[in-house]
Amino acid sequence: MKSKTPINDSFRAIADPTRRAVLDLLSEGEWKVNDLVGRFRMTQPAMSQHLRVLKQAGLVNSRRAGRERLYRIRPDQLKPIADWVGQYERFWKRKLRGLGEFLEKEK
């Protein structure tokens with residue numbers, strides 16, 4: 001059985017397109033749960049489940065404002081994902097640079 005790590009939780013959380021879209025919106029600032037519900041045309045319990053996954057992965061924080069709950073992104077928690085993806089970006093840049101050099105020599 002695989003052990004859970006924060007990076008695995010983060011990847012699991014961003015695997016869902018709705019949660020990625022929620023993160024995109026939260027990158028603009030805080031959002032109320034009900035505003036997110038209206039934006040995605042889903043039930044409040046469904047949105048709460050998405051937010052719960054994001055919060056458990058450490059990608060968002062929440063706070064109470066009166067009777068409402070506001071969510072905001074924790075961009076620092078996305079850095080491990082960006083670092084991991086960056087490895088492959090560097091790999092492909094090297095490969096494409098090599099291909100470009102090869103094609104230039106073939107001219």
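Which helix lies across β1, β2 and β3, and at about what angle to β3 is it running? The legends below take that up, using a predicted model.

**View 1. Helix α2 on the sheet.** Here's the answer: the helix is α2, made of residues 17–26. Helix α2 lies across β1, β2 and β3, and its run makes an angle of about 90° with β3.

**View 2. The three-stranded sheet.** Read across the sheet and the strand order is β1-β3-β2. The sheet is open, and its pairing is antiparallel. Strands β1 (31–32) and β2 (60–65) sit at the edges, each pairing on one side only.

**View 3. Where β1 meets β3.** Zoom in on β1 and β3 (residues 68–73) and you'll find two bridges joining them. These two strands run antiparallel. Look for K32 here: the residue standing opposite, in β3, is L70.

**View 4. The chain from end to end.** Starting at the N terminus, the elements go α-α-β-α-α-β-β-α. The radius of gyration is 19 Å, well over the 13 Å that the globule rule gives for 107 residues, so the protein is more spread out than a compact globule. Along the principal axes, the C-alpha atoms fill a box of roughly 65 × 35 × 20 Å.

**View 5. Surface and contacts.** How much of the protein counts as buried? The figure is 27% of the 107 residues. The protein exposes about 7,900 Å², with carbon and sulfur atoms supplying 53% of that area. As for contacts with a separation of 6 or more, 49% of them are between residues 24 or more positions apart.

How values were computed
Residues are numbered from 1 along each chain as its sequence is written. This is a predicted model: local features need pLDDT of at least 70, side-chain atom pairs count only at pLDDT 80 or more; totals for chains, interfaces and linings use all residues. Side-chain values use heavy atoms; hydrogens and water are left out. Two strands pair if DSSP finds at least two bridges between them. Helices (H or I, at least four residues) and strands (E, at least two) are DSSP runs, numbered from the N terminus. Contact means heavy atoms within 4.5 Å. Axes are lines fitted to C-alpha atoms, for helices over the stretch in contact, and angles run from 0 to 180 degrees between N-to-C directions. The radius of gyration is taken over C-alpha atoms; the globule rule is 2.2 Å times the number of residues to the power 0.38. Buried means under 20% relative accessible area, exposed over 50%, partly exposed in between (1.4 Å probe, protein chains only). Accessible areas come from the Shrake-Rupley method with a 1.4 Å probe; for residues, only the protein chains shown count as cover.
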